[in-house]
Amino acid sequence: MDITLAGARPTRRAPKEHFTGTVLQDPINMAPAPARLNVSRVSFEPGARTNWHHHPLGQTLYVISGVGRVQTKGGPVKEIRPGDTVWIPPGEVHWHGATPGNSMCHIAMQEALDGVFSTWLEPVTDAEYSAPLG
């Protein structure tokens with residue numbers, strides 16, 4: 001058993017090459033092999049979002065505060081709120097982030113396949129981000 005005390009893992013700013021706006025990440029767990037689970041608390045300021053991306057074994061998001069948006073490529077933009085759980089299947093291209101006027105924080109959980117958690121693609125355009133909710 002390994003216990004990591006609160007505050008032992010510093011908050012980090014999410015890399016600008018994969019995110020638009022201010023996004024902060026708090027690592028919760030990077031399980032050692034043979035486990036593959038990566039869990040982080042991710043906080044998005046209003047208007048902040050991920051690039052388009054996908055995960056080899058899928059991703060689960062659990063919203064803990066604020067109001068957010070999520071979209072799968074070719075699908076409608078959906079609003080997400082505290083208590084909502086989003087399952088994104090393996091290989092599904094998607095993005096997620098805050099709404100234009102609200103911050104949003106979620107827990108992101110994904111497993112690695114051959115050491116890869118995510119494949120990052122192009123930024124979400126302002127037009128894609130601002131599409132009407134569906």
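This tour goes through the model one selection at a time, from the whole chain to single residues.

**Before selecting anything**

The model is predicted, and for that reason local features are given where pLDDT is at least 70 and side-chain atom pairs count only at pLDDT 80 or more, whereas totals for chains, interfaces and linings use all residues. Residues are numbered from 1 along each chain as its sequence is written, and side-chain values use heavy atoms, with hydrogens and water left out.

**The whole chain**

Begin with the protein chain shown as a cartoon, where there are 13 strands and 1 helix; helices (H or I, at least four residues) and strands (E, at least two) are DSSP runs, numbered from the N terminus. Following the sequence, the pattern is β-β-β-β-β-β-β-β-β-β-β-β-β-α.

The C-alpha trace spans about 45 × 30 × 30 Å along its principal axes. The protein chain has a radius of gyration of 14 Å, which agrees with the value near 14 Å that a compact globule of 134 residues would have; this radius is taken over C-alpha atoms, and the globule rule is 2.2 Å times the number of residues to the power 0.38.

Switch to a surface view, and the accessible surface of the protein chain comes to about 7100 Å², with 57% of it belonging to carbon and sulfur atoms; such areas come from the Shrake-Rupley method with a 1.4 Å probe, and for residues only the protein chains shown count as cover. Of the 134 residues, 37% count as buried, where buried means under 20% relative accessible area, exposed over 50%, and partly exposed in between (1.4 Å probe, protein chains only).

Among contacts (heavy atoms within 4.5 Å) between residues at least 6 apart in sequence, 69% join residues at least 24 apart.

**The nonpolar cores**

Next select Val23, Phe44, Ile80, Val86 and Met104, which touch the most other members among the 15 residues of the largest nonpolar core. β4 (37–44), β7 (59–66), β10 (85–88) and β12 (104–111) each supply at least two residues of this core. There is also a second, separate core of 5 residues, which includes Trp52, Val77, Trp95 and Tyr129. A nonpolar core here is a set of buried Ala, Val, Leu, Ile, Met, Phe, Trp, Tyr and Cys residues joined through side-chain atoms within 4.5 Å.

**Val86**

Stay with Val86, which has its place in strand β10. With a relative accessible area of 14%, Val86 is buried. When residues up to four places away in sequence are not counted, Val86 touches Gln59, Thr60, Leu61, Val70 and Ile80. For a distance to draw in the viewer, take the C-alpha atoms of Val86 and His106, which are 20 residues apart along the chain and separated by 10 Å.

**Leu37**

Move to Leu37 in strand β4, which is partly exposed, its relative accessible area being 34%. Which residues is Leu37 in contact with, leaving aside its neighbours within four places in sequence? They are Asn29, Met30, Ala31, Met109, Gln110, Glu111 and Phe117.

**Val124**

Now select Val124, in the loop between β13 and α1 (126–129). Val124 counts as buried, at 3% relative accessibility. Not counting residues up to four places away in sequence, Val124 touches Arg49, Thr50, Asn51, Trp52, Trp95 and Tyr129. From Val124 to Trp95 the C-alpha atoms are 7.5 Å apart in space, and the two residues are 29 apart in sequence.

Then select Gly101, in the loop between β11 (94–98) and β12. Is Gly101 buried or exposed? At 60% relative accessibility, Gly101 counts as exposed. The C-alpha atoms of Gly101 and Ala127 are 26 residues apart along the chain and separated by 16 Å.

Finish at Asp114, in the loop between β12 and β13 (119–120). Asp114 is exposed, with a relative accessible area of 78%, and the phi of Asp114 is near 55 degrees, a positive value in a residue other than glycine.
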